[in-house]
Amino acid sequence: MSTISVAVSVPSPAEDCEQLRKAFQGWGTNEGLIISILAHRSAAQRRQIRDAYAQAHSEDLLKALDKELTRDFEKAVLLWILDPPERDAVLANEALKKWSPGNRALIEIAVTRTADEMFAVRRAYQGRFKRSLEEDVAAHTNGDFRKLLVPLVSSYRYEGPEVNASLAKSEAKILHEKINEKAYGHEEIIRILTTRSKAQLFATFNDYNNGFGHPINKDLKSDPKDDFLFALRAIMRCIICPERYLEKVIRLAINKMGTDECALTRVITTRAEVNMKHIKEIYYKRNSVRLDHALKKDTTGDYEDFLVALIGQDA
């Protein structure tokens, strides 16, 4: 499912460090050399490179890169080189600092990660920012969004395949009743969406469709401009098929006037080693254009080269 290409035999972390050091020296930075190394190393290998660089040069590689790179390329590389939990913690913090009701980045992170991954994100967040993620979510949100997002980022969902069929049926009925009442922020809707396992929720959504004749998402489209309803639909779509949801994030990021580099960078740097291959397949089926071609059309320079290196070029 990963799209990054890592050679069977790669140079040692020390050798990579020296090559990166060379890329920083002279009149201009050798961005191509940086891409050729960092875009083709696994998360574990990138961690080894960071450790070796700090030991050899008494400087964090992140600081060295920050001094040498600029703009969107810089942000993409700095995110990519972080350990996955720390990367998500940084992205969550950025989303909260500029949070608005239409910002879905936090939902994307909280729902598409496994329970163990999200636990690691919360730990990384606390280590980096000296506050809990839940604390910052509560501080930066309010109303129904606070009621929804605090448990969403703090729950530890069961990850197994077991499903309680009678519970799915009864909770489908609860969801239908509350949605019909337009009580979208009701504690029962929030409890179900933020605590049940994804397998259990998938069964509940199926029972909703079978029992009431239409998908739950359709009932939540009564007001397309309602950001809270959009947030509820985003949670459900991330549960049902996260790859399809993330394909849409990418599509919207590059198919409008002005590229949304933040969204594009976020999805590619976090999913390149996870499920980007599947996202690319969905993108092609949906748009009849390969994602690498779409990126080349919509981005430029070192930023383009780096993103294309992460997602891979198809023959």
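How many salt bridges does the rule find across the interface of domain 1 and domain 4?

What you see is a predicted model, where local features need pLDDT of at least 70, side-chain atom pairs count only at pLDDT 80 or more, and totals for chains, interfaces and linings use all residues. Residues are numbered from 1 along each chain as its sequence is written, and side-chain values use heavy atoms, with hydrogens and water left out.

The domain assignment gives domain 1 (13–69), domain 2 (84–154), domain 3 (165–240) and domain 4 (242–311); such bounds come from an automatic or database assignment. I'll stay with domains 1 and 4, whose C-alpha centres lie 25 Å apart.

Between these two, about 500 Å² is buried, and carbon and sulfur atoms give 63% of that. Buried area here is the accessible area (1.4 Å probe) that two parts lose on being put together, summed over both. On the domain 1 side, Glu31, Ile35 and Ala39 supply 68% of the area buried against domain 4, more than any other three residues. In contacts (heavy atoms within 4.5 Å), 8 residues of domain 1 touch 6 residues of domain 4.

Back to my opening: the rule finds 1 salt bridge across this interface. For that, a side-chain nitrogen of Lys or Arg must be within 4 Å of a carboxyl oxygen of Asp or Glu. The side chains of Arg46 and Glu273 form a salt bridge, at 2.9 Å from N to O.

Thanks, all!
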